[in-house]
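Student: I would like to learn how to read the features of a model like this one. Please give the general idea each time, then the case here.

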Amino acid sequence: FEELNDALFKKTLGPVRKVMEDAMLGTDEVDEIILVGGSTRIPRVRELVREFFGGKEPGAGINPDESVAVGAAIQGSILSGEGGEAVRAL
């Protein structure tokens, strides 16, 4: 499975590189790595991210599916103008 999909797994690093460039940060400036979404359960994806960040282990204390749902709810609240300052501060 991992061998067949390795090229696809490596493509997941494209958005990570873009975020790092946009933020003008080096990988050594990242304190914590949080992976979200179902593909974060794939060991090879976790390994590639760990390698990208110089051996720093991605956090495992957050439910990857729940965090996507919470993030979507917060973004929806912001875009709709509901939730007030408490939501915007998140």
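Tutor: Helices (H or I, at least four residues) and strands (E, at least two) are DSSP runs, numbered from the N terminus. By that rule, Val68 lies in helix α4, which covers residues 64–80. Two remarks on the source: this is a predicted model, in which local features need pLDDT of at least 70 and side-chain atom pairs count only at pLDDT 80 or more, while totals for chains, interfaces and linings use all residues. Residues are numbered from 1 along each chain as its sequence is written, and side-chain values use heavy atoms, with hydrogens and water left out.

Student: Is Val68 buried, exposed or partly exposed?

Tutor: Buried means under 20% relative accessible area, exposed over 50%, and partly exposed in between (1.4 Å probe, protein chains only). Val68 has 40% relative accessibility, so Val68 counts as partly exposed.

Student: Which residues is Val68 in contact with, leaving aside its neighbours within four places in sequence?

Tutor: Contact means heavy atoms within 4.5 Å. With those neighbours left out, Val68 is in contact with Val36 and Gly37. As for Val87, 19 residues apart from Val68 along the chain, the two C-alpha atoms are separated by 16 Å.

Student: How are two packed helices described?

Tutor: The description uses the angle between their axes and the distance between the axes. Axes are lines fitted to C-alpha atoms, for helices over the stretch in contact, and angles run from 0 to 180 degrees between N-to-C directions. Here the axes of α1 (residues 2–11) and α2 (residues 13–22) cross at roughly 15° and come within 4 Å. That makes α1 roughly parallel to α2; angles under 35 degrees count as roughly parallel, over 145 as roughly antiparallel, 65 to 115 as roughly perpendicular and the rest as oblique.

Student: Which residues of α1 and α2 meet?

Tutor: From α1 there are Phe9, Lys10 and Lys11, and they meet Leu13, Gly14 and Pro15 in α2. The residues of this contact of α1 with α2 divide into 3 nonpolar, 1 polar and 2 charged. In this scheme Ala, Val, Leu, Ile, Met, Phe, Trp, Tyr, Cys and Pro count as nonpolar, Asp, Glu, Lys and Arg as charged, and the others, Gly among them, as polar.

Student: Which residues in α1 are buried?

Tutor: Asn5, Asp6 and Phe9 are buried in α1. Seen down the axis of α1, the buried residues fall within an arc of 150°, so they line one face of the helix; the arc is that of the directions from the helix axis to the C-beta atoms. On the other side of α1, the exposed residues are Leu4, Ala7, Leu8 and Lys11. The cover over the buried residues of α1 includes α2 and α3 (43–52).
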